Amino acid sequence: MNLSSRKFIVGLIFLVIGVLFIARLFTVQVLDDKYKLDSDSNVMREITQYPARGLIYDRNGELLVYNEAAYDLMVIPKQVKEIDTLALCTLLEIEKDVFLEKFNKAKKYSRYKASTFLKEISSISYANIQEQLFQYPGFFVQTRTLRKYPRNSAAHILGYIGEVNQNTIEKKPYYKSGDYIGKSGLEYSYEELLRGTRGVKRVLVDVHNREKGSYKDGEADTMAVTGSVIKTTLDIVLQEYGERLMQNKKGSIVAIEPKTGEILALVSAPNYDPNMLVGRAVGKNYPILSKDSLNPLFNRALMAKYPPGSIFKTVQAMIGLEQGVISENSSFACNKSLVGCHNHPTATSVAASVKMSCNPYYYHVYKRILQQRRVKSIFKDSELGLAIWSEQVKKFGFGQRLETDLPSIKSGYVPDVAFYNKWYGEGRWAFSTIYSLSIGQGEMGVIPLQMANLSATIANKGFYYVPHFVKNIEKSDTVPKKFTTKNKVGISEKHFETVIDGMYGVVYESGGTARRARIHDSIVVCGKTGTAQNPHGEDHSVFIAFAPRENPKIAVAVYVENAGGGGTWAAPIASLMIEQYLTDSIATRNLIKEKRILDANLLNVIPKK
Amino acid sequence: MRNYKNIFSNIDWPTVLLYLALVLIGWVNIYAAVYNEDHHSIFDISQRYGKQLMWIVLGLIIAFVILLVDSHFFTSFAIPIYLAVLLSLLLVLVFGVKINGATSWFQFGSFKIQPSEFAKFATSLALAKYLSAININMKDVKTKVMAALIIGLPAVFILLQNDTGSTLVYAAFIFVLYREGLSGNILLFGILAILIFVLTLIFGPVEIILVTTFSYIIIYSMLKYSAKTALIAVLVFSGLVYGFYSFELSNIILYATIGIGLIGLFIFLVAQKEMKGKGVHYVGVLIFVLTCAYVFSIDFAFNKVLKEHQRTRITVLLGEEDKLIEQIEGLKLKRDERGISKEDKQSIRDDIGAKRFSLRELRQGNGWNIKQSLIAIGSGGFAGKGFLEGTQTKFDFVPEQSTDFIFCTIGEEWGFIGTFVLMCIYIGLFLRLLYLAERQRSIFSRVYGYAVASILFFHFLINIGMTIGLAPVIGIPLPFISYGGSSLWSFTILLFIFIKLDSERLLVLR
């Protein structure tokens with residue numbers, strides 16, 4: 001072979017390689033999109049814009065919750081170079097060994113990514129530190145918002161927020177680690193409205209994660225949308241008053257506006273200052289609160305189940321009247337051998353029986369409701385009667401979960417045929433087995449919210465609106481339909497009037513069990529006392545009421561644990577609440593009553609023998 | 001009589017222009033690669049782009065000086081220059097400083113110089129001198145050994161400096177020797193060896209032995225009929241293999257089978273021609289045995305001799321990262337299947353963990369560089385992102401942006417248009433140099449010319465190949481473009497000696 005023709009071989013090799021490279025470059029640069037996308041992801045970072053959480057107001061425009069800026073000191077270890085550590089420690093007011101510990105922790109997390117160095121420094125510290133921070137590269141301040149409660153009350157209603165946990169993140173993909181979410185109260189119920197929508201800012205970063213400018217000049221950025229403002233039905237002045245009245249006592253107060261179902265106040269005692277469960281303080285305070293034997297975190301108004309006691313007689317009376325087994329002038333002797341009672345003249349009408357709260361009277365009423373002589377066997381008869389009775393009681397909102405806009409509401413319990421069949425065996429029980437239900441004792445359980453709802457139903461003479469907190473949501477016109485639907489209980493108005501007569505008598509007539517519920521002559525209060533038996537100690541004091549009698553504006557239920565007779569404690573508390581709401585003051589003559597209530601400490605009452 | 005007009009009138013201006021174009025491209029792209037807003041002037045000496053200008057200017061002065069020197073200087077002093085450089089290579093082992101793991105630099109104050117850069121043209125001169133002597137024939141064993149020595153000594157010394165990249169450059173001289181008469185079979189042999197090397201690493205020694213065995217058997221038996229039949233048989237066999245494997249393995253095995261077959265075929269044909277009669281059979285068996293030994297030795301050397309970071313360079317190239325990612329995805333699917341026992345799930349989890357660990361190691365090693373390099377180049381698209389607008393470059397995602405990976409900046413900012421133009425300039429330069437070398441009257445000049453073309457080509461091959469993922473990460477500069485005084489000057493000297501030789505070619509007596 002002619003050696004010089006080898007030049008072609010060598011040249012060919014050069015050419016082939018060149019073509020190969022060009023082909024490869026063509027593939028990589030022009031044909032394949034993958035690298036373009038990868039270059040974007042290398043270089044682009046998304047910075048989340050957190051929206052401000054929605055504010056909450058009371059019915060009169062008083063601010064209940066707002067957001068306060070909190071400042072976290074962040075650090076990116078790689079960027080920290082040549083700083084005067086001692087000076088920084090003095091500025092931050094921490095010891096050098098603490099500083100080193102925190103710094104090492106940040107380094108272990110990542111040299112390039114920011115991590116929290118100091119959480120929630122006060123705004124005063126922030127001002128001082130911010131001025132000097134330029135001397136310490138690698139450190140910067142990140143603002144967050146925390147909830148602040150200017151009124152220090154309504155903790156159970158408002159609830160609190162906390163960091164979202166892993167389970168929730170998996171179920172609700174909107175949330176990311178580090179987000180806040182409402183955990184209880186209205187913060188929980190209206191989480192989706194309050195949280196707003198996150199925005200995103202896209203920035204360019206270099207290989208060390210340093211921000212270098214806006215991606216595509218901010219074209220792809222989205223604005224954060226602040227959370228909706230919620231106006232609640234709460235009357236914060238009334239609420240605070242209720243909380244004061246209930247200090248050093250256990251129990252609850254629920255106040256509703258009957259013609260709308262709007263909740264004016266919801267007190268659970270003992271309670272706590274909502275500012276205790278904010279930000280850094282949660283870690284310290286939550287264990288204290290949850291271990292407290294008096295259960296301040298427990299919302300008694302929604303979750304404490306009690307047997308209703310004598311206030312239930314109102315329901316029994318109305319069912320009896322509606323069923324036609326009694327008339328408004330039915331009379332029964334106070335036969336204490338049937339069931340115990342206090343001394344009083346014979347009740348010769350329904351109204352009187354309500355006024356004097358006669359137990360044997362209702363023994364008879366209930367017997368007639370249950371055993372209406374439709375069949376011969378009393379067992380079968382009771383079954384039929386109980387079925388009708390359970391059905392009717394539930395229509396009042398008992399034994400079911402009221403759809404109020406708060407989480408964790410108990411439904412209480414109304415026993416029915418199935419229950420007793422299981423308990424005693426079918427055909428083995430009759431009225432005489434379950435007669436304690438006649439006076440609101442036995443296997444029934446109600447929560448204070450349901451009691452207040454009963455009061456509202458009576459005030460309305462036959463229907464109720466589901467009690468609720470939401471009055472108005474910013475950017476939306478209507479309140480949810482379920483809150484504006486009239487729920488009729490299926491008992492005629494005139495029977496209500498009969499019972500209301502009795503409730504009037506409770507307060508104003510002799511023999512009435514709650515004279516302490518009087519306010520003054522210009523306001524007519526109707527109420528019913530209850531004394532719920534407590535096998536573990538002193539009886540519970542219960543009172544439901546509404547006022548004024550004509551065109552009622554407020555319906556109230558008060559429940560005080562271990563306080564003895566309903567008329568002694570619950571009734572005066574109810575009347576003070578009503579007076580405060582209707583007149584925005586307490587009349588002089590009632591101040592002694594008020595003082596007595598405020599001074600009372602019923603937490604450690606010695607049980608009666 | 002020497003006057004300036006004469007000196008410059010015979011210079012090959014196309015080559016000089018190509019040189020200037022590359023130098024300018026280099027300077028501008030170094031500016032883009034390490035652009036610092038605080039020092040935005042391209043003439044800023046404190047930055048690399050300002051410094052590069054200094055090197056360029058000095059380089060031009062050196063070039064000028066070389067053009068002034070009589071070409072006989074180079075032919076006469078080839079050997080002394082070579083020996084001096086060889087000495088410096090030894091001395092640097094003793095007196096030099098270690099930079100980036102290689103003891104290759106002399107340092108005088110802040111001034112650094114790398115003798116291995118100068119060894120390139122020194123060896124070229126020495127080789128040219130040797131091969132231009134009377135009675136030299138590449139077919140002689142003595143010639144082959146001497147040539148190997150001239151090339152090998154500097155290579156070994158550089159290897160001792162721990163600079164594997166620069167050592168590898170000496171493989172370029174094979175083109176020179178080939179042109180001067182070295183058997184082409186050696187070239188083919190080389191290609192076959194590389195092919196088998198790569199395939200063994202991808203598929204494992206056993207598979208490759210099987211493939212080669214079958215290839216050889218077929219070729220051997222088919223040779224009884226004719227070379228054409230053997231060729232067809234190889235293609236058919238390859239097709240069958242491909243069909244059998246196509247669902248699992250990539251096209252590589254198809255090409256591999258064809259490639260091995262073809263090359264084996266050529267070797268057999270050559271052997272047949274050289275040795276008539278029974279000898280052919282022995283050659284056949286010998287070749288087969290040697291192949292097996294070679295395949296196993298590859299496996300051994302790879303796993304037991306090479307260091308971890310060197311292994312990763314190669315495995316990364318072979319797509320290990322993508323393979324691992326695919327495997328992890330597959331395992332994740334398996335893990336999430338219903339009805340899987342707890343132990344199985346746990347062992348799958350362990351598997352995923354181990355693979356993720358390997359992946360991380362891979363990425364932290366050189367896999368990262370290649371990936372970033374490809375991303376930078378690939379994201380340039382057809383027309384590039386624009387001067388100074390390369391995001392990957394701007395934000396330092398590619399390491400060694402102004403030196404080994406300078407091509408990434410070009411790719412990202414000038415796109416396919418830019419890279420295509422650059423390819424054309426380089427290939428143009430190489431082919432021009434070949435053309436010039438062929439028109440030389442003296443063997444010295446021709447050999448030297450081929451050496452220049454080959455060395456430049458080799459740098460081009462490895463450097464750019466590395467950035468586009470076709471060659472392992474070996475740090476050698478891109479001629480005239482990468483930042484650095486030493487490399488720029490040594491390439492300039494290398495080139496301009498040849499330009500000078502070429503300009504005086506007509507003065508050579510036949």
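1. Helix H3 of chain B covers residues 48-68, 21 residues in total. In this predicted model, the helix reaches 30 Å from its first C-alpha to its last, close to the 30 Å expected at 1.5 Å a residue.

2. Several residues of H3(B) are buried. Tyr49(B), Gly50(B) and Gln52(B) are among them, followed along the helix by Trp55(B), Ile56(B) and Gly59(B). Ala63(B), Ile66(B) and Leu67(B) complete the list.

3. The next point is the contact between the chains. Chain A gives 31 residues to the contact, and chain B gives 47 residues. Between them the two chains bury about 3,500 Å², with 76% of that area on carbon and sulfur atoms. On the side of chain A, the residues that lose the most area to chain B are Phe14(A), Phe21(A) and Gln29(A), which together account for 22% of what that side buries.

4. Polar pairing across the interface can be stated briefly. The count is 7 residue pairs in polar contact between chain A and chain B, both residues being at pLDDT 80 or more.

5. Which elements give two or more residues to the side of chain A that touches chain B? They are helix H1 (6-31), helix H2 (34-43) and strand S8 (199-205) of chain A. H1(A) supplies the largest share of that side, 18 residues.

6. Sorted by class, the side of chain A that touches chain B has 18 nonpolar residues, 6 polar residues and 7 charged residues.

Terms used
Residues numbered from 1 in each chain as written. Chains lettered and ligands numbered in written order. Predicted model: local features only at pLDDT ≥ 70, side-chain atom pairs only at ≥ 80, totals over all residues. Heavy atoms only, no water. Contact = heavy atoms within 4.5 Å. Buried area = accessible area lost by both parts, 1.4 Å probe. Polar contact = N/O pair within 3.5 Å; in protein donor to acceptor, adjacent residues only side chain to side chain. Helix = DSSP H or I, 4+ residues; strand = E, 2+ residues; numbered from the N terminus. Nonpolar A, V, L, I, M, F, W, Y, C, P; charged D, E, K, R; others polar. Expected span 1.5 Å × (residues − 1). Buried < 20%, exposed > 50% of the residue type's maximum accessible area, 1.4 Å probe, protein only.
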